[in-house]
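Hi,

Here is the structure I promised to pass on.

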Amino acid sequence: VISLENISTVVPSVTFRKGTTSANSAIVMRGVGTISFSVAAEPSVSTVVDGVVLSRSGQAFMDLVYLQRLEVLRGPQGTLFGRNASAGLVNIVSKGGTDTFEAEASADWFEGEEYRLRAAISGPLGENLSARLTGFYGSFDGNITNINGGRNDKVNGYERYGVRGIMDYDDGGNTVRLIADYYKADDD
């Protein structure tokens, strides 16, 4: 799974409803979900990334880069994850730093000049301290041609890129994870 848009291929009873933008796209779990065109509406299927609850559904539809695991919790999860998890929860846990030096990269090319690039580097920084730095880029011109006004512009495409850094400290008794990321998406 490279994004939450593909989640229905690996998890039964969970579907993804694609909207015109990420702000009005939604995850539907066992037939229950919030489909709204308002940015103020809270989703009934919540998304948590590395312990942080994403309060708006549009924040959840980013590229998933180098996951440790993806968990789906069905049914009300409000006790542990807040009020916007009444239908369920998708929990995303990222890969963290490693004790040995590792590097990985991937490049995907699809029909219609759509491509995605990903790269990550991880390793130790010191005693009990490790880190991972991940970068990604994706682009798609679109699959609809707008001929209005004599233009031949492609629409329904995107350009997304970002970088994410994770630093893990673990001395056996204490575990601390610091995460910083930058993400930019331009969907048309």
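Over how many bridges do β9 and strand β12 (residues 158-170) pair, and in which sense, parallel or antiparallel? They pair over 12 bridges, in the antiparallel sense. One of the pairs is Thr134 with Arg164, its bridge partner in β12.

Before you go further: this is a predicted model, where local features need pLDDT of at least 70, side-chain atom pairs count only at pLDDT 80 or more, and totals for chains, interfaces and linings use all residues. Residues are numbered from 1 along each chain as its sequence is written, and side-chain values use heavy atoms, with hydrogens and water left out.

On terms, strands (E, at least two residues) are DSSP runs numbered from the N terminus, and two of them pair if DSSP finds at least two bridges between them.

Now to the other neighbour of β9. Strand β8 (residues 114-126) runs antiparallel to β9 (residues 129-140), and 11 bridges join them. Along this pairing, Gly123 sits opposite Ala131, while Leu117 has Tyr137 as its bridge partner. The hairpin of β8 and β9 has 2 residues between the strands, and Asn128 there takes a positive phi near 65°.

Zooming out, these strands belong to an open sheet of 5, in the order β7-β8-β9-β12-β13, with antiparallel pairing. At the edges are β7 (102-110) and β13 (175-187), each pairing on one side only.

Cheers

Definitions and conventions: Helices (H or I, at least four residues) and strands (E, at least two) are DSSP runs, numbered from the N terminus.
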